[in-house]
Amino acid sequence: MSLDTAQIIGNRLNYPRKNVAAVLKMFDEGATIPFIARYRKEATGSLDEVALQNIRTHSRALEELEKRKEFIAEALSNQGVLTDELAQRLAASLDIAEVEDIYLPYKPRRRSKATAARENGLEPLAKLIMAQKLTHPETSAYKFVKGEIADASEAVAGACDIIAEWVSESEKARNLVRAKFARSALLESKVVKGKEVEGDNFRNYFDYAKPLRIANSHHYLALRRGEQQGVLKVSISIDDEEMIDRLCRMFVRPGATSQCAELVSKAVKDGYKRLLRPAIETEVAASAKEKADSAAISVFADNVKQLLMAQPLGRKRVMGIDPGFKNGCKVACIDEQGALLATDVVYPCAPVNDVYKAADILCNMVGRNGIDVIAVGDGTASRETMAFLRDITFPRQVVITPVSESGASIYSASETARREFPDLDITLRGAVSIARRLLDPLSELVKIDPKSIGVGQYQHDVDQSSLRNALDFTVEHCVNAVGVDVNTASVELLSRVSGIGPALAVNIVNRRNEKGSFETRNDLLEVARMGKKTFEQCAPFLRINGGSNPLDATGVHPERYKLVEKIARDCGIETAALIRNKTRLDSIDLERYMDKTTGMPTLTDIVNELARPGRDPRIKEDSKPLFDPDVAAIADLHIGREITGKVNNITAFGAFVDIGLKVNGLIHISQMSDGFVSSPAQVLSVGQTVRVKVLDVDAQRSRVALTMKGITQNGL
């Protein structure tokens, strides 16, 4: 790349050039973001994963820009129009819009009015008119009357079509219109006549108008969804008359003859309305969509992260129940490792109402399998099933808690589920997933497409490639932040580890099945297609508990084992005795062990890891919600009533709360605090239990508005 990519990215992101250059070099060598962030802090200046992802994104964008510039330069060269000035401008430009504007006058065109006029030999006439010195343009046009041009008026009209195209391709004109859109564009929507009832969900946008620069991202995505569904007519507009006036002043020269000035003004107006304005509006709409997508994807990724990083239940046995009415409640029991113990189907809810038999079956399953917790899916019949379970006296103490079942049905029908439970009925697989996602959310949810786990904001409306990249980054960050037990992890979990993809994950599991558990991290080198570079990237994130080397159960990189052994010798103890030995660790003079490649950040991380080996960074999940037992339907709610719920989705405009009904309540961002809240994520997180007050109830539209103002949360 001819550009100084590291300097450009450093300037844009305000990072030192040397750190950016080091990161780019490691990317080129095949290093992953989790590895670089955790084990190359000296080279990066301790840049975190988000910073590294930003560098990679900007680097790829610059690479694409360079490819486009090379293509354009070659195209201009082939046309014989690549001057030194054009070449220099192309080489220096870092703006894709500017690059496309440079290319536009020379770009192969679709057939247009101007194309036909050129084919009829009218470009010389257009140049004469554009010079604006002709006293009688139509007289000068007679010499161009030939072939398909019937008369002078038709010749002038064709020449004006060419001028209109020149106006639309003018860089100066495009920048003028572009700047006007950036400052003053108005985003508007109107309901399509006759769609008022069908588009009731978009009622807030039936007569909407707001400056584009301050329009919220979720509003923009909602407008575009309404437009796609044929409910709304959406436009982005500016003051056309003011813009035409400014463009006329730009193109009509001082001292121009009145006849030419009139023709040029007419061509400017035509070029603006027919070509220039629609092109810039499309460009602006695309930019607005990209910004809205970015905001929505950011919210979605943050919600997914909170779900994945919820604290696992620990060593408990779980009964998962996928509730249902006519088809019954599907039940699955799992042990502390997630292995399936037993399954059944019970029918405690309407229309069967076989509560006694259901209670008998569940009590036997709880007692026989030593169940500690019952996880109930939060979908259809959830409330009725929870009420039924609370009336049962189980043979041992159990905790009953609701669990999100979003995506469980998708998992049930997946290849992963078929591979794990080939002989299990598809409906029972969902109950297993519900139990496992309570036992260890991260391990289970990685098996499901993140778009299907129920925490999105317009996820089907945003750019799917960008969404997939963001979610992949989020999932991989979570998996590598936690670490993976290589002897128990699933293929799906292993495939998310730094440097490991699906194929290598399968090879690891195959090696495990063929030869038994891995005893040391070095045993990973026996796995087919596990090269030294891949081992470097993945080894510290793969944990081996109870192996022959105690460091294999920590996040210490194998490349630092000799350093740790030296530190232990200097302390006069074995390496194993150094682990969790806070007194010894606190007494180490870390500066003694610094060299060109090992700085204080790495040494500090090593000591912290030895103090808490294999520590799990997952946040503690908030207490489970205790739904009000006498709220069974939306009709039971009234304005002013206080209830308890669990946050299950956060968007840019507020948070959705599970209140024990099929419909979720919405806490708008303006109702989260008595003070100003710039982002819902500042106040709430997915999974958090909250006490709220009913602000409004719209039973017809199944909408419940909630507020947190003036309510003490009492440590929930």
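Mentor: Helices here are DSSP runs of H or I with at least four residues, strands are runs of E with at least two, and both are numbered from the N terminus. The model is predicted, with local features needing pLDDT of at least 70 and side-chain atom pairs pLDDT 80 or more, while totals for chains, interfaces and linings use all residues. Residues are numbered from 1 along each chain as its sequence is written, and side-chain values use heavy atoms, leaving out hydrogens and water.

Trainee: Which residues of α9 are buried?

Mentor: In α9 (residues 123–131) they are Leu125, Ala126, Ile129 and Met130. Buried means under 20% relative accessible area, exposed means over 50%, and partly exposed is in between, with a 1.4 Å probe and protein chains only.

Trainee: What puts them on the same side of α9?

Mentor: They cover an arc of only 135 degrees around the axis, and therefore lie on the same side of α9. The arc is that of the directions from the helix axis to the C-beta atoms.

Trainee: What makes the pair Thr416 and Glu492 a polar contact?

Mentor: Their side chains are joined at 2.8 Å. A polar contact is a pair of N or O atoms within 3.5 Å; within protein, one must be able to donate a hydrogen and the other to accept it, and residues adjacent in sequence count only if both atoms are side-chain atoms. Thr416 is in helix α19 (residues 415–420).

Trainee: Is Thr416 buried or exposed?

Mentor: Thr416 has 10% relative accessibility and therefore counts as buried.

Trainee: Why is Gln671 called buried?

Mentor: Its relative accessible area is 17%, so Gln671 is buried. Gln671 lies in the loop between β13 (665–668) and β14 (689–698). Its contacts, leaving aside neighbours within four places in sequence, are Leu695, Leu706, Thr707, Met708 and Lys709.

Trainee: Is Asn14 buried or exposed?

Mentor: Asn14 has a relative accessible area of 70%, so Asn14 is exposed. Asn14 is in the loop between α1 (5–13) and α2 (17–28), and its phi is near 60 degrees, a positive value in a residue other than glycine.

Trainee: What kind of peptide bond joins Ala350 and Pro351?

Mentor: The bond is cis, with omega about 5 degrees. Pro351 lies in the loop between β6 (340–346) and α16 (355–369).

Trainee: How many helices and strands does the protein have?

Mentor: The protein has 29 helices and 15 strands. Of its 716 residues, 50% are buried.

Note on methods: Contact means heavy atoms within 4.5 Å.
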